[in-house]
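Me: I'd like to learn how to read a structure like this one, feature by feature. Could you walk me through it?

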Amino acid sequence: MSKQIPYKVYLTEEEIPKAWYNIRADMKTDHRPILHPGTLEPMTADELSPVFCTELVKQELNDKDRFIEIPEPIRDFYKMYRPSPLVRAYCLEKELKTPAKIYYKYEGGNTSGSHKLNSAIAQAYYAKEQGLKGVTTETGAGQWGTAMSMACGHFGLDLKVYMVKVSAQQKPYRKTVMETFNAKVTPSPSDTTNIGRKMLESDPESGGSLGTAISEAVEVAVTTEGYRYTLGSVLNQVLLHQSIIGQEAKAAFEKIGEYPDIVIGCAGGGSNLGGLMSSFMADKLAGKKAPYFIAVEPASCPSLTRGKFAYDFCDTGMVTPLAKMYTLGATYKPPSNHAGGLRYHGMAPILSQLYHDGFINEARAIVQSDVFEAATTFARVEGNLPAPESAHAIRAAIDEAIKCRETGEEKTILFGLSGTGYFDLGAYAQYNDGTMTDHIPTDEELELGFSAIPKVDK
Ligand SMILES: *Cc1c(COP(=O)(O)O)cnc(C)c1O
């Protein structure tokens with residue numbers, strides 16, 4: 001009898017990677033540099049250092065070193081909640097009657113509830129090392145703000161969080177978690193910044209947006225002595241830190257003598273997918289056998305499937321540098337009935353370039369009722385309530401597994417379960433009571449966002 005693969009494949013503490021993998025060192029066409037919004041010249045380290053910690057600026061601009069050592073205090077923190085398990089979804093396979101082997105890498109098993117802690121702890125560490133007093137950041141649903149609060153709480157660093165106002169109203173307990181870790185939470189737009197006051201003037205009832213909250217957090221960071229800004233997705237440094245996910249996943253697969261045929265991740269700003277695929281994409285970039293990569297996004301915020309590959313602002317206030325990425329335009333707002341997360345208008349430049357060059361094989365957009373159907377199927381059979389974001393990946397994994405049932409192929413599927421669903425019960429409530437609706441933006445609706453993309457000939 002052949003030995004059955006266990007439900008959970010764990011690495012030992014010693015097998016937690018000692019270095020992050022910097023995919024840019026292996027990319028054939030590196031992504032285009034971020035540009036200064038005034039001069040349209042590539043941002044230099046000097047220009048970035050009022051915004052980010054010195055060491056993080058170096059990481060942001062580093063396209064040479066394949067591996068960057070993880071400092072001991074960060075590894076020690078990782079040891080408290082990592083390695084994260086690679087789980088064989090036996091019960092889901094049985095439910096789907098599929099010959100496919102389905103695995104997921106679960107990042108929701110820490111208090112912040114998602115993969116975001118992997119980068120938060122790194123960003124807080126470098127700020128502390130530099131002797132800063134504190135950092136600022138923004139948060140939408142609250143996942144990143146919570147992760148950053150935990151990280152700053154650990155290193156005794158002050159944290160100012162600008163939280164999108166509607167989220168702060170809808171999710172008061174998220175604020176409580178952050179405050180418990182000693183963060184100061186301000187609903188955005190607020191009267192504490194120029195950009196916030198301007199937004200409030202034009203729309204006093206504004207519920208805010210992630211883009212505006214970013215503008216506020218950046219403004220405070222560059223105008224307050226001893227502060228820098230931190231961001232939870234999109235940036236090169238964030239994808240670098242998240243490479244821990246993919247490295248662990250690959251090592252776990254090696255332990256059981258398997259290798260995925262398909263790697264699937266949900267894509268908002270691109271950090272969990274960028275992390276999950278990292279070590280497998282290394283194989284592809286080296287011309288070796290590699291999986292088929294699928295990025296999954298909401299049909300109501302379809303940056304990869306319907307966006308433009310162009311230089312654009314990273315925030316609504318249009319104060320950040322310009323990044324070359326798939327974008328719906330910095331002013332794009334998903335329809336108000338959208339409940340499933342992944343609302344960012346752009347996509348990480350690394351992911352954008354890999355998709356543009358065909359290394360990410362496919363992007364798929366899914367309507368939210370299909371996403372939540374997959375989420376509840378998964379929750380019931382696997383006993384794990386997924387984050388709505390992660391459920392985008394589940395939907396695609398289920399669809400691939402169903403294809404295998406039809407063709408009889410025994411493919412090995414890996415998807416990223418980036419977080420827990422405990423913090424998004426409002427969205428589940430909508431689905432459960434039948435009030436969830438779908439809205440796919442029309443071309444005209446998207447055109448509004450596209451018209452705000454700056455004309456940059458690079
Ligand atoms: C923030 C978040 C995402 C989306 O961000 P990415 O940068 O695309 O990973 C996905 N899943 C969960 C659980 C999140 O908290």
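Me: Which residues form one aromatic cluster?

Reply: First, some ground rules: this is a predicted model, where local features need pLDDT of at least 70, side-chain atom pairs count only at pLDDT 80 or more, and totals for chains, interfaces and linings use all residues. Residues are numbered from 1 along each chain as its sequence is written, and side-chain values use heavy atoms, with hydrogens and water left out. Rings of Phe, Tyr and Trp (its six-membered ring) pair if their centres lie within 6.5 Å; planes under 30 degrees apart are stacked, over 60 edge-to-face, and the rest tilted. Here, Tyr103, Phe253, Tyr259 and Phe280 make up one aromatic cluster.

Me: How many aromatic pairs does that rule give?

Reply: The count is 17 aromatic pairs. Take Tyr21 and Phe67: their ring centres are 5.6 Å apart and their planes meet at 45°, so this pair is tilted. Strands (E, at least two residues) are DSSP runs numbered from the N terminus. Tyr21 sits in strand E2 (residues 19–21) and Phe67 in strand E3 (residues 67–69), so the pair links parts 46 residues apart in sequence.

Me: Is Tyr21 buried or exposed?

Reply: Buried means under 20% relative accessible area, exposed over 50%, and partly exposed in between (1.4 Å probe, protein chains only). Tyr21 is buried at 3%, while Phe67 is partly exposed at 43%.

Me: Why is strand E5 largely enclosed by the rest of the structure?

Reply: Five of the six residues of E5 (residues 101–106) are buried, so the rest of the structure largely encloses this strand.

Me: Which strand runs antiparallel to E5?

Reply: Two strands pair if DSSP finds at least two bridges between them. Strand E4 (residues 86–88) is antiparallel to E5, joined by three bridges, and Val87 stands opposite Tyr104 there. E5 also pairs with strand E15 (residues 412–417), in the parallel sense, over six bridges. In that pairing, Tyr104 faces Phe415.

Me: Which residues come nearest to the ligand?

Reply: A residue is near a molecule if one of its heavy atoms lies within 4 Å of it. Of the 17 residues around the ligand, Lys116, Ser233, Gly268, Ser271 and Ser418 come nearest.

Methods: Helix = DSSP H or I, 4+ residues; strand = E, 2+ residues; numbered from the N terminus.
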